Amino acid sequence: MLLLRCPLLLLLLLLPDSRPQKLPTRDEELFQMQIRDKAFFHDSSVIPDGAEISSYLFRDTPKRYFFVVEEDNTPLAVTVTPCDAPLEWKLSVQELPEESSGEGSGDPEPLEQQKQQITNEEGTELFSYKGNDVEYFVSSSSPSGLYQLDLLSTEKDTHFKVYATTTPESDQPYPELPYDPRIDVTSLGRTTVTLAWKPSPTASLLRQPIQYCIVINKEHNFKSLCAVEAKLSSDDAFMMAPKPGLDFSPFDFAHFGFPADSNSGKERGFLKSSKFGRQMSPKPRVDLQRVCIGNKNIFTVSDLKPDTQYYFDMFAVNTNTNMSTAYVGTFARTKEEAKQKTVELKDGKVTDVFIKRKGAKFLRFAPVSSHQKVTFSVHSCLDAVQIQVRRDGKLLLSQSVEGVRQFQLRGKAKAKYLIRLKGSKKGASMLKILATSRPNKQSFPSLPEDTRIKAFDKLRTCSSVTVAWLGTQERNKFCIYKREVDDNYNEEQKKREQNQCLGPDTRKKSEKVLCKYFHSQNIQKAVTTETIRGLQPGKSYLLDVYVIGHGGHSVKYQSKLVKTRKFC
């Protein structure tokens, strides 16, 4: 534990612009206090022994860190973790002045001479690396001296992490990988992928607390959890780094791309109102998900999209040190959706369609002869459905349909139409559809915009109710039915019975009130009223009106719940 136990004077010479600070030691009680105090090493060029530091690099602006090893044959390990950009870094060592190493004797040299002696020497390069991998320098026997770690990012502003220790055998802050560090894809479905991996020896042999975190995205694999955190933070109100030379607060650096904790919202709120007026850079959201699953070593990722390639990364995290090691990432493509059978529509014939919840159905219409126009009539029995119509691959129509809708499209010789119907998210969907190239062929009756039944409260008696509903300019047949219901019958029950495609043929004969024909050339006067008699006092009734078209197809208006007076 000899890293950094050097004379205070030596490092002060290297940091002429720094304010004096107490240097870290490996006195365990003091050391633990120091690494808990994040401000202790903030914006410092000193690397503490046995603690990971996080920092930031401006593009093309090198940064240098120092530490001192006082005795020869000292074990040494240095780990550099690039986050969101490749780094160039170099580790070198130069001898300490005799007075600084503690091995010399006599009067110390003047301050200027010591400073000149340290900074002018080039030093011996021990290791260098260029890339975005987590890279290590490990030596079981390092010479004493002043060690320099030089870092440079030529691609963009970025952040990184550095860890150095003189006791690598006992520290082991990073979880160890198993002999086979790959992630296996054990099961593959249309929306799910099951992953399995071998446990970290740090958990199974050393009994240290390890949890596994899975990262799923569509772009690429990540080489460190630091890179994942940087990506997540850059998409969540990432702050633009101030340019060198501009006035900025050291507080800003605590938020450059590092993961947010539970009170991160408050901290970001503080930044927005900061006197430094830091700008927020709008970033496009990426489809990236991180899930920590404890110490399990098998996991099924669900809610994926069919026929889509995903990248999966696994990180073992030591919950004592909060430091992580990456398994070898993998990727997989989910299976395609089962190919739908396409239903052929016959010209002028109504087809019943059932669609599962969130499902879809495909229909094909190919008119036999040449045609100027084609008409699609859709009757949604329950909730709204989505309809798309393509002619020879070109999208002509995309609409939401509730109730009865009719669409007339321009025809084309020998054209083929593909219809895609998408169901509701609430539940299964039912509908009827008719396609025709004959403009006068219309099976569905025309409907007014408002299909409610209105009851007149002042005209209620103990044995009758009076209701009204709207018609259209087209002469249609209207049939009204009644059914006695319990007093606790509510809107939710009524909604479950609102299948508009069920016609009068499904009703009991005793429930029929009457049928009549009605229309009006003046759409403003297309209103009809009817008084329903023979009811019981104080009873509730459900009223239904059916409109029946020329082709025999019926559509039900919205049901109306009425109640007769109890006392008259």
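**Close-up views of the predicted model**

**View 1. Asp60 and its neighbour Arg59 are shown together with the salt bridge between their side chains.** Asp60 is partly exposed, because its relative accessible area is 45% (buried means under 20%, exposed over 50% and partly exposed in between, with a 1.4 Å probe and protein chains only). The model is predicted, with local features requiring pLDDT of at least 70 and side-chain atom pairs pLDDT 80 or more, whereas totals for chains, interfaces and linings use all residues. Residues are numbered from 1 along each chain as its sequence is written, and side-chain values use heavy atoms, leaving out hydrogens and water. The backbone of Asp60 has a positive phi of about 60°, although Asp60 is not a glycine, and the residue sits in the loop that runs between E1 and strand E2 (63–69) (helices, H or I with at least four residues, and strands, E with at least two, are DSSP runs numbered from the N terminus). The side chain of Asp60 meets that of Arg59 in a salt bridge with an N to O distance of 3.2 Å (a Lys or Arg side-chain nitrogen within 4 Å of a carboxyl oxygen of Asp or Glu). Arg59 also counts as partly exposed, because its relative accessibility is 45%. By this rule, the count for the model comes to 18 salt bridges.

**View 2. Lys130 and Glu88 form a salt bridge between two strands.** Side chains of opposite charge can pair when their charged atoms come close. In the salt bridge of Lys130 with Glu88, the closest N and O atoms are 3.5 Å apart.

**View 3. Lys161, Glu229 and Arg290 take part in a network of salt bridges.** Within this view, the side chains of Glu229 and Lys161 meet in a salt bridge at 3.9 Å, N to O. Glu229 lies in helix H7 (residues 225–235) and Lys161 in strand E8 (residues 158–165), so the pair ties together parts of the chain that are 68 residues apart in sequence. Glu229 counts as buried because its relative accessibility is 11%, and Lys161 counts as buried because its own value is 14%. Arg290 is linked with Lys161 and Glu229 in the network.

**View 4. Asp49 and Thr166 are joined through a side-chain polar contact.** Asp49 is found in the loop that runs between helix H2 (28–36) and strand E1 (51–57). With a relative accessible area of 2%, Asp49 is buried. Its side chain makes a polar contact of 2.9 Å with the side chain of Thr166 (a pair of N or O atoms within 3.5 Å; within protein, one must be able to donate a hydrogen and the other to accept it, and residues adjacent in sequence count only if both atoms are side-chain atoms).

**View 5. Arg507 is shown with Tyr546, its partner in a polar contact.** The place of Arg507 is in the loop between helix H9 (491–496) and strand E27 (512–518), and Arg507 counts as buried because its relative accessibility is 15%. The polar contact of Arg507 with Tyr546 is formed by the two side chains and has a distance of 3.0 Å.

**View 6. Thr202 in helix H6 is shown together with Gln172.** Helix H6 spans residues 201–204 and includes Thr202, which is buried, with a relative accessible area of 3%. Thr202 and Gln172 are 30 residues apart along the chain, and their C-alpha atoms are separated by 9.0 Å.

**View 7. Lys414 is shown in its loop between strand E21 and E22.** Phi of Lys414 is near 60°, which is a positive value in a residue other than glycine. Lys414 counts as exposed because its relative accessibility is 77%, while Lys422 counts as partly exposed because its relative accessibility is 36%.
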